Amino acid sequence: MEGVFNNKKFILVFVFMLGLCIGITTVHGQGTRVGFYSRTCPRAESIVRSTVRSHVNSDPTLAAKILRMHFHDCFVQGCDGSILVSGPATEKTAFANLGLRGYEIIDDAKTQLEAACPGVVSCADILALAARDSVVLSGGLSWQVPTGRRDGRVSQASDVSNLPAPSDSVDVQKQKFAAKGLNTQDLVTLVGGHTIGTTQCQFFSNRLFNFNGTAAADPAIDPSFVSNLQALCPQNTGAAANRVALDTGSQFKFDSSYFSNLRNRRGILQSDQALWSDPSTKSFVQRYLGLRGFLGLTFNVEFGKSMVKMSNIGVKTGTDGEIRKICSAFN
């Protein structure tokens with residue numbers, strides 16, 4: 001009897017531990033998990049990684065563009081690859097998405113994956129993996145990406161109405177992030193992705209000339225920095241499409257210098273600089289800077305955690321959605 005009891009006890013402990021392990025691997029997801037393709041397409045992540053590396057090595061600006069594309073995908077209809085669909089009135093035709101680039105990277109990876117594992121790996125997962133790999137190629141830390149998303153069957157420009165905007169106040173940004181299940185730390189962390197990449201003058205030139213009807217620039221900008229920006233975005237010269245680094249002096253390196261620029265009043269977008277002026281977000285910026293008197297946070301580590309949360313917004317799993325054969329078109 002004692003042997004039977006011990007066996008039952010072992011089985012109960014084993015089942016409990018198994019359930020605990022499963023809970024750990026799926027804690028961030030709604031059906032997604034790390035290693036989802038380990039049996040059905042074991043080379044999936046390495047194929048995406050090598051594809052992203054090839055493209056980014058040829059054009060380093062693509063790293064930030066893939067990261068931004070994933071963000072835009074997740075904030076509209078969830079992380080379902082709907083941003084990738086081509087055609088009239090699809091998400092990619094909305095004004096907020098016209099500046100997105102890098103679709104060819106996702107298409108390239110999909111072509112290779114279809115050859116290796118037909119009909120297995122979703123475009124939504126390719127984009128999530130590519131975003132992580134873009135950060136790593138820019139010098140950031142890696143993180144484990146839960147996979148198992150399926151591709152959405154809807155992509156409408158009319159749904160692209162609640163993306164965070166360059167002139168949003170902190171309160172508006174917090175509302176938009178909270179609507180997606182993301183808190184204030186996630187907001188500051190994910191916007192910190194602006195440590196790589198550029199933006200067009202049209203999205204912040206209002207801060208440089210006649211700000212809010214005055215004859216001066218936005219007083220939130222360091223006065224010694226204003227003339228630099230005015231030279232890059234001269235008034236009334238058709239410079240709206242000129243591009244400026246979001247993280248001055250470090251646009252290709254994934255690091256915390258973006259937060260130093262906020263502290264020095266050198267944030268480019270009005271919505272970015274507001275993170276320093278609002279107490280609820282300023283404290284997180286200070287923690288990422290490791291300022292004395294604040295409990296420090298490591299940006300590279302926290303970024304991965306917030307990305308996992310974001311990448312599980314509204315995911316489609318199981319029998320919901322589809323696995324597209326071509327990322328730019330529904331099956």
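The legends below describe close-up views of a predicted model. Local features need pLDDT of at least 70, side-chain atom pairs count only at pLDDT 80 or more, and totals for chains, interfaces and linings use all residues. Residues are numbered from 1 along each chain as its sequence is written, and side-chain values use heavy atoms, with hydrogens and water left out.

**View 1. The two domains of the protein chain are domain 1 (43-160) and domain 2 (170-309).** These bounds come from an automatic or database domain assignment. Taken over C-alpha atoms, the centres of domain 1 and domain 2 are 24 Å apart. Domain 1 gives 18 residues to the contact and domain 2 gives 18 residues, where contact means heavy atoms within 4.5 Å.

**View 2. Domain 1 and domain 2 bury about 1,500 Å² between them.** Buried area is the accessible area (1.4 Å probe) that two parts lose on being put together, summed over both. Carbon and sulfur atoms carry 78% of the area buried between the domains. On the side of domain 1, the residues that lose the most area to domain 2 are Phe75, Ser138 and Trp143, together 35% of what that side buries.

**View 3. Three residue pairs are in polar contact across the interface of domain 1 and domain 2, both residues at pLDDT 80 or more.** A polar contact is a pair of N or O atoms within 3.5 Å; within protein, one must be able to donate a hydrogen and the other to accept it, and residues adjacent in sequence count only if both atoms are side-chain atoms. Helix H3 (62-74) and helix H5 (123-137) are the elements that give two or more residues to the side of domain 1 that touches domain 2. Helices (H or I, at least four residues) and strands (E, at least two) are DSSP runs, numbered from the N terminus. H3 gives the largest share of that side, five residues.

**View 4. Cys41 and Cys117 are joined by a disulfide, S to S 2.1 Å.** A disulfide is a pair of cysteine sulfur atoms within 2.5 Å, and the whole structure has four disulfides. The torsion about the S-S bond of Cys41 and Cys117 is about 75 degrees, so this disulfide is right-handed.

**View 5. Gln200 lies in strand E1 (residues 198-200).** The side chains of Gln200 and Gln202 make a polar contact of 2.4 Å. Leaving aside neighbours within four places in sequence, Gln200 is in contact with Ala240, Ala241, Asn242 and Arg243.
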